[in-house]
Amino acid sequence: MQALDPQHFTERSPLYRKHAGACFGQLGDSAIVASYGGDETAQAERCGLVDLTNLARVGFRGAEAAAWLERCGFSLPSAPNRVVTQADGSHVARLSQTEYLLLGSLTDAGKRVARAEADWTFGTSAVYLLPRQDSHAWLLQTGAHVAEVMAKLCGVDLRAEAFARGAVAQTSAARINVLVLNTGSCALPGFHILCDRASASYLWDALLDAMAEFGGKPVGMDALA
Amino acid sequence: MQLVKRFSTVGMGPSQGRHSALPTARLVAAATNRSVSETGVTTARPPFVAEKLAHVAGRGFDPYRQTPLHQRHQELGAKMMPAGVWQRPAFYGPAQQRERCMQEEAVHVRSKVGLIDVSTLGGLDVRGPDAAEFLNRLYTFAFAKQPVGRSRYALMTDEQGVVIDDGVCARFADDHFYVTATTSGVDRIYQQMLKWNAQWRLNVDVTNVTAALAAVNLAGPLSRQVLRKVCHDVDLSADAFPYLGVRLGTVLGIPARLMRVGFVGELGYEIHVPARYGEYLWDSLMQAGEKDGIRPFGVETQRLLRLEKGHVIISQDTDGMTTPAEIDMTWAIARSKPFFVGKRSVEILEKQPLRRKLVGFTLPKGASQPLEGHLVLNGPDISGNVTSCEYSQTLGQIIGLAYAGAHQAEPGSLIPIRVEGGEVVQATVVKLPFFDPQNQRQEL
């Protein structure tokens with residue numbers, strides 16, 4: 001990745017001005033933070049926050065949504081409020097009996113999920129596309145303190161014993177609606193947090209404020225490699 | 001006491017009257033030459049004992065929302081204003097030069113071309129085989145036979161027949177409507193839609209796409225020639241894309257929903273694109289319109305422009321009791337429909353004598369300008385209140401909307417309005433709109 005200016009791309013994260021001074025790399029038709037400098041791998045393991053808003057994601061809802069996604073080759077969670085990580089690193093979360101959220105993988109720059117969105121056509125069946133890439137911002141909170149940080153913002157118990165890997169919480173944090181997905185591993189605990197895109201700036205600052213006592217800082221994509 | 005409480009909101013703050021209840025009662029007693037025991041105090045409700053500070057300690061959160069164009073507004077020197085939890089540009093320029101900035105922006109839109117961020121406008125995708133039937137039941141107008149590629153005004157009443165929201169329904173396919181709602185009303189309308197859909201069990205999907213779409217209104221007589229520079233796959237000619245037409249196309253390769261609208265009373269296009277492209281769209285339009293003198297305009301300017309056209313803003317020019325007849329919106333009711341939410345109440349209300357009406361009024365330049373909330377008098381009584389009022393440079397006079405008694409609503413009538421300092425001005429009731437009564441400019 002090389003240093004780039006997000007304003008030279010057509011797609012922009014609502015948070016790109018928060019990343020002043022960072023080194024950007026290209027992700028499709030957008031720029032995404034590669035690194036802010038320093039040892040970001042260690043920072044991510046301790047307490048990090050990543051802006052994944054420019055990575056592909058999409059939702060599908062409807063009586064035939066599950067069948068359609070299975071035809072696209074996705075493995076689906078068996079129950080609502082669960083998330084399944086796919087072999088390519090993308091994630092499929094089930095938000096209700098008939099609604100699913102697909103999160104793209106950094107491994108393929110989100111191309112598989114973007115393809116699922118592009119392949120969908122309106123009116124062919126009872127499957128409705130939900131524009132989650134534009135309706136929601138996508139943050140990834142990483143490190144050993146994820147549950148402690150969220151305890152300062154959210155009333156739901158997100159500790160590992162109550163909110164294990166594969167769990168999804170549709171709740172509120174810092175007084176706005178959020179989706180929290182636990183897809184972390186033992187090596188790198190992590191919560192994907194999706195919030196109203198127009199509130200991204202607000203939640204980014206609220207999260208960093210809550211992370212401060214744990215030495216939390218933003219980290220770039222390179223830390224996740 | 002109860003009236004004072006409701007007009008002043010005293011006692012409704014964080015202390016819930018702990019500090020203000022008794023002093024207020026004393027003030028009311030003094031003003032009405034009675035004792036506190038005669039005036040009484042407001043009703044006390046739990047908690048009856050003081051809250052411990054420890055109960056309310058902890059982080060305080062004050063959420064806000066920003067459109068994808070927020071930074072561009074700040075870079076352009078906008079005076080920002082709150083609109084619910086949103087922040088919107090009121091006008092562009094120093095705060096102390098509001099009047100000058102607003103008038104300049106308004107005249108510019110009337111003579112050339114302007115650009116306003118309307119991303120906060122509510123957006124709801126209603127999709128599915130029963131989409132038209134769903135809207136038919138929810139809004140007062142008829143949508144079953146609405147042609148694809150056209151938009152139609154949409155007025156919503158509640159079960160009491162009170163006007164609660166408005167917008168447009170744009171039909172992009174037989175089973176796809178894009179419905180706009182007011183900035184402040186969209187969350188409520190979305191909840192209403194989900195509630196009624198759960199009850200009616202129609203085959204329809206409702207998605208709130210407000211934040212998912214960045215939207216601008218490119219308005220003014222030169223707007224078509226600006227849009228032509230960046231939109232090449234939609235025929236923008238007046239015949240092919242007439243007033244109230246809607247189209248799906250691309251703007252510089254960005255997928256866009258294009259809508260011919262007339263809120264400010266000029267040739268205009270609303271352009272709605274996925275939020276990720278919002279800033280790029282704004283930059284591209286500003287660049288494309290540079291030679292035509294494009295300039296941004298803010299919400300207060302937009303409110304002046306729509307006032308010149310006599311367009312009401314729901315929740316500003318309406319209140320919790322407003323019926324369609326009071327705001328001359330009975331044309332937006334489809335009488336042949338067997339049902340819409342509020343139909344029974346609207347019909348009952350229409351059989352009763354109209355007690356008040358929203359009227360347009362004018363005052364000469366230089367007169368004391370009424371403010372929103374100032375009272376309209378009927379002899380010793382109050383017959384209404386001012387809901388909107390501005391000086392219009394285009395028209396050279398003060399214009400406004402106000403509720404007045406039904407017998408005061410005839411054009412040519414004089415309505416007394418009590419303004420600052422107790423002065424009473426005599427405003428002239430006029431027929432709406434104030435500007436371009438033939439609607440020729442928006443239909444170019």
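Analyst: In this predicted model, two strands are said to pair if DSSP finds at least two bridges between them. That cut-off is needed for the hairpins of chain B, among them the one formed by E15(B) and E16(B).

User: What makes strand E15 and strand E16 of chain B a pair?

Analyst: Strand E15 (residues 375-378) and strand E16 (residues 381-392) of chain B are joined by four bridges. The cut-off is at least two bridges, and therefore these strands count as paired. They run antiparallel, and B:Leu375 has B:Asn385 as its bridge partner in E16(B). Two residues lie between the strands of this hairpin, and in the turn B:Gly379 has a positive phi of about 65 degrees.

User: How do you know that E16(B) pairs with strand E17 of chain B, and in which sense?

Analyst: Six bridges are found between E16(B) and strand E17 (residues 397-405) of chain B, where at least two are required, so the two strands pair. The sense is antiparallel, with B:Glu390 opposite B:Ile399 in E17(B). These strands also form a hairpin, with four residues between them. B:Gly396, in the turn, has a positive phi of about 70 degrees.

User: How many bridges join E15(B) to E18(B)?

Analyst: Two bridges join E15(B) to E18(B). The requirement is at least two, so this antiparallel arrangement still counts as a pair. In E18(B), B:Arg418 stands opposite B:Leu375. B:Arg418 also stands opposite B:Val424 in E19(B). Between E18(B) and strand E19 (residues 424-430) of chain B there are five bridges, again in the antiparallel sense. Five residues separate E18(B) from E19(B) in their hairpin, and B:Gly421 in the turn shows a positive phi of about 75 degrees.

User: Which residues have the most contacts inside the largest nonpolar core?

Analyst: They are B:Leu135, B:Val216, B:Leu218, B:Ile271, B:Leu281 and B:Ala402, in a core of 103 residues. Neighbours within four places in sequence aside, B:Leu135 is in contact with B:Val126, B:Phe143, B:Cys169 and B:Phe177. A second, separate core has 67 residues, including A:Phe74 and A:Trp138.

User: How many residues of chain B are in contact with chain A?

Analyst: There are 26, and they meet 26 residues of chain A. On the side of chain B that touches chain A, strand E8 (205-208) and helix H10 (278-288) each supply at least two residues. That side divides into 14 nonpolar, five polar and seven charged residues.

Note on methods: Residues are numbered from 1 along each chain as its sequence is written. Chains are lettered from A and ligands numbered from 1 in the order in which they are written. This is a predicted model: local features need pLDDT of at least 70, side-chain atom pairs count only at pLDDT 80 or more; totals for chains, interfaces and linings use all residues. Two residues are in contact if their C-beta atoms, placed from the backbone, lie within 7 Å. Ala, Val, Leu, Ile, Met, Phe, Trp, Tyr, Cys and Pro count as nonpolar, Asp, Glu, Lys and Arg as charged, and the others, Gly among them, as polar. A nonpolar core is a set of buried Ala, Val, Leu, Ile, Met, Phe, Trp, Tyr and Cys residues joined through C-beta atoms within 7 Å. A residue is buried if 20 or more other C-beta atoms lie within 10 Å of its own, exposed if 12 or fewer, and partly exposed in between; C-beta atoms are placed from the backbone.
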